[in-house]
Amino acid sequence: MEGLALLFISLVSLGSVFGQVSYTIPEEMAKGSLVGNIAHDLGLETKRLLSGKARIYTRDSDEYMELNRERGVLLVKQRIDREALCRQTTPCALHFQIVLENPMEFYSVTVQITDINDNAPTFEGSEMKFKISESAIIGAKFVLERAEDLDVGINDLQRYELKPTDNFALKLHNNADGNTNVEMVLQKPLDREKQEQISLVLTAVDGGEPQMSGTMLIVITVLDVNDNAPVFTQPTYKATVTENSPKGTVVATVTASDADQGSNGKITYSITNKFDDIKMLFRIDQEHGEVTLIGNIDFERSRSFQINLLASDDGGLTDSCKLIVDVQDVNDNKPEINIMSKSTVISEDAKLNTVVTMINIEDKDTGENGKVQCFINENLPFALKTSTNNFYSLVTDSDLDRERAPQYNITVTCSDEGVPSLSSGVTLTLQISDVNDNAPVFERSSYEAYIVENNTPGLSIFTVKAKDDDWNQNARVSYILEDSTVNGVLVSSYVSVSADSGVIHAVRSFDYEQIKDFQFRVKAQDGGSPPLSSNVTVKIVIQDQNDNPPQVLYPVQTGGSVVAEMVPRAADVGYLVTKVVAVDVDSGQNAWLSYKLQKATDRALFEVGLQNGEIRTIRQVNDKDAVKQRLTVIVEDNGQPSRSVAVIVNVAVADSFPEVLSEFTDFTLDKEYNDNLTFYLVLALAVVSFLFITCVVVIISVKIYRWRQSRTLFHSNLPVIPYYPPRYSDTLGTGTLQHVYNYEVCRTTDSRKSDCKFGRAGSQNVLIMDPSSTGTMQRIQSEKNILDEPDSPLEQKPPNNDWRFTQGPRPGPSGPHMPYGTHIRWTPKSGTRATGGPEVAMGTGPWPQPPTEAEQLQALMAAANEVSEATATLGPGTMGLSTRYSPQFTLQHVPDYRQNVYIPGSTATLTSNPQQQQATAQQAAQQALPPPQVSAQPEPPKAAQTPASKKKSTKKEKK
């Protein structure tokens, strides 16, 4: 079926590109069937259909076609029934437009629907009855109901067949309108006595392939004696009626006559139209033949009507005629405005003659009533141009400015030329999109602001404001501080500008005595692309504040020597003794100085000028006046609040210098009491006392808590689960965490005689000090047994014989142990250490009894005293307090005053007795060390020596 499509293309260029394409397809094509390659036929590319959002525009609500943009083809959207679409109208065609955008274009498409033989001829009734007199003459005509075939052309009704043909023959009459009247002609006289009723079959056959037919039964009743048929005065009648005429309007009157008399001459009129709407619009009076209007006539739907009339008498004789009714048009339809395509937004920089909207105008009236003129309201930058018949384009006619008019309401009015004229209108709302064509404008040409010196950094000074007439992002103003310098310093170190609000903040505290004012420029920049900007000059004026006290230039105040002014005893009243000279670096009234006499040895003798600071006598000097006179003068400025300074003036009332010298030999300067120093001393004393009391309370609380815990565990019947503190390692290398350092601190009451002994790594059956320890233990850092990285595993070193244990019984996991990795042994100032018996030295003796509460309290007090003493006595090169009391060495590690150190996880007790250490080392070497042939044991490095340890080593060498 696709091969039957015919193509006709016509291209016309009128402003925008337009064209016309015609296709021919048969009806009843399946949904999705191909109509034609519209892109190829119009000379368009497929991507143009996609970018232009091609779509089908049709005036009707039903859409039979659809456009495939990707393939560029027209497809059947739904089944097309030509008979339902066009009835008997030929040719039958679909008219629609293909509309594209960017730029706007449209193309007219006509799809002609050809008929197929899908409808058989049909009669309205399945049976038709006649009453014919037996006296009917040969040649009498009887009008039969014609069949209706909805198909057209060759598929339409082609012929009729009547069977049997004994008495009647079939006669056809072709009318000018293309219809065929079917008549049955009597060929042989009827004889009622022989055959009272005759049955005939009328068959209608079309010319389609395959042929289709329809039948109707004709039943004839033979009557007696009626030999004259009615006859119309005219075979064709014509009448004219105006559309929209009211119901009941008489259209025409037809007349027929019958030569018979009586009942055989009584004529009855009727309308014989079967397959149209004639009977719904017209009615005929059966007796008088008057045709009247019973429905609404619309010229736009049908311009003429053919009414088939029948006149019949009671004898069954009939005659027929037709009435042609022409409809006159009336201007009863307004022009219809159809928006084919429109833009709701257009840029303000759009070029002239840019198409905004395409409009199609249709008026269903004819003649002058169908002529339409369209126009838009005045004073708009748009024009309405005609592209083709009844198609208009709304284009830009002048430049657009969104800031002047952000939106246009365009009213398109169309009116016809009928009388009276009818019109219709539509309002189009068009938004003007913004273009960044306006730079920000400041509210002022320049700004000047004032700020008082000594301001807080970050203080808001004032705000600059700029306005941008653009919209949205193009009107978003950002404020930028332009680079410049003030006295060689970047202005950004003085002020800052908020990018969003334009608030200017002070970056630093200003000093009026250093800078009085400065200028800089602020740029306002919008967010358009490219951005537009403008700038403004801002001047900041710094106002003075009374922040400087007066400075005394004379007399010069010295701390070591005494300066005195001499006044002879013969001085008169008003004698100028001296003049206090002072200045104030502030300005204005903050620098106005006044002088007042605060204290004087003899107030009745001197006075000070309020404005000039001159010290003069106010009475005669006499012999009773003291030689030494001390004046305190207050110099005060006029600021709010005011600031002042005191100056002491020493005056000697004498006539000669030796007299003054003798009087001033014991003249000593008064010592002023320093209030600030006293405050700080009292504060420091209070803080130290508070810390001391807090430490004592915390230590006592911790000790009591642990003592209660030990008592609870001691009386508990539950199995004892040993607690191994973090980084604990036993001395035979069988512990879980080996990288631990333990150390022994040997303390005397004299810190300079203290020493520390360091062990090896736990995996070497020795105790090692934590590498995070600090202080003056510098030698241990130089040894190779500690790596550079704190987290790295320790290097293996030979065991230290001084810390060997015997293979005697040691407490296992359930035995008692001390929960500390650091142990302290205190040594008296004499440097000797108490030792236990041999049993203790060999690690076989019992554990010592726990200390009593009195001993614990004594130990706490001793630790507190040690803290105070260490703070006062430690100097460079000694073990600092931070090392003594580090997290591994806190006040909770209270020493055992029984002079022994107990190693956790073992029953051995370390002592300072050299003989016991030597015996212990020998026995441990025999039991714990591996065989000599396996690996040689290098000599362990010695711990760093302190003054106390050096004395011990000297004694060992002598022995």
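## Close-up views of a predicted model

**View 1. The torsion about the S-S bond of Cys374 and Cys414 is about 110°, so this disulfide is right-handed.** A disulfide is a pair of cysteine sulfur atoms within 2.5 Å, and here the two sulfur atoms are 2.0 Å apart. Cys374 belongs to strand S28 (residues 372–376) and Cys414 to strand S31 (residues 407–416), so the pair ties together parts that are 40 residues apart in sequence. Helices (H or I, at least four residues) and strands (E, at least two) are DSSP runs, numbered from the N terminus. Both Cys374 and Cys414 are buried; buried means under 20% relative accessible area, exposed over 50%, and partly exposed in between (1.4 Å probe, protein chains only).

A word on reading these views: this is a predicted model, in which local features need pLDDT of at least 70 and side-chain atom pairs count only at pLDDT 80 or more, while totals for chains, interfaces and linings use all residues. Residues are numbered from 1 along each chain as its sequence is written, and side-chain values use heavy atoms, with hydrogens and water left out.

**View 2. Another disulfide joins Cys86 to Cys92.** The S to S distance is 1.8 Å. With a torsion of about 65° around the S-S bond of Cys86 and Cys92, this disulfide is right-handed. Cys86 has 14% relative accessibility and counts as buried; Cys92, at 2%, is buried too. The protein has two disulfides in total, and numbering the bonded cysteines in sequence order gives the pairing 1-2, 3-4.

**View 3. The largest nonpolar core has 29 residues.** Such a core is a set of buried Ala, Val, Leu, Ile, Met, Phe, Trp, Tyr and Cys residues joined through side-chain atoms within 4.5 Å. Val495, Ile504, Phe518, Phe520, Val522 and Val538 are the residues with the most contacts inside this core. Among the strands that each supply at least two of its residues are S34 (446–452), S41 (503–506), S42 (517–526) and S43 (533–543). Leaving aside residues up to four places away in sequence, Phe518 touches Val486, Tyr494, Val495, Phe510, Val538, Lys539, Ile540 and Ile542; contact means heavy atoms within 4.5 Å. A second, separate core of 28 residues includes Leu67, Val76, Cys86 and Cys92.

**View 4. A nonpolar patch on the surface includes Phe690.** A salt bridge is a side-chain nitrogen of Lys or Arg within 4 Å of a carboxyl oxygen of Asp or Glu. Accessible areas come from the Shrake-Rupley method with a 1.4 Å probe; for residues, only the protein chains shown count as cover. Phe690 sits in helix H6 (residues 675–715) and is exposed, with a relative accessible area of 56%.

**View 5. Ser22 is found in strand S2 (residues 16–26).** This serine is buried, with 16% relative accessible area. Ser22 and Val109 lie 87 residues apart along the chain, and their C-alpha atoms are separated by 5.7 Å.

**View 6. The protein has twelve helices and 57 strands.** Of its 959 residues, 41% are buried. Among contacts between residues at least 6 apart in sequence, 68% join residues at least 24 apart.

Key:
Patch = residues over 30% accessible without salt bridge, like charges linked within 9 Å, V, L, I, M, F, W, Y side chains within 5 Å.
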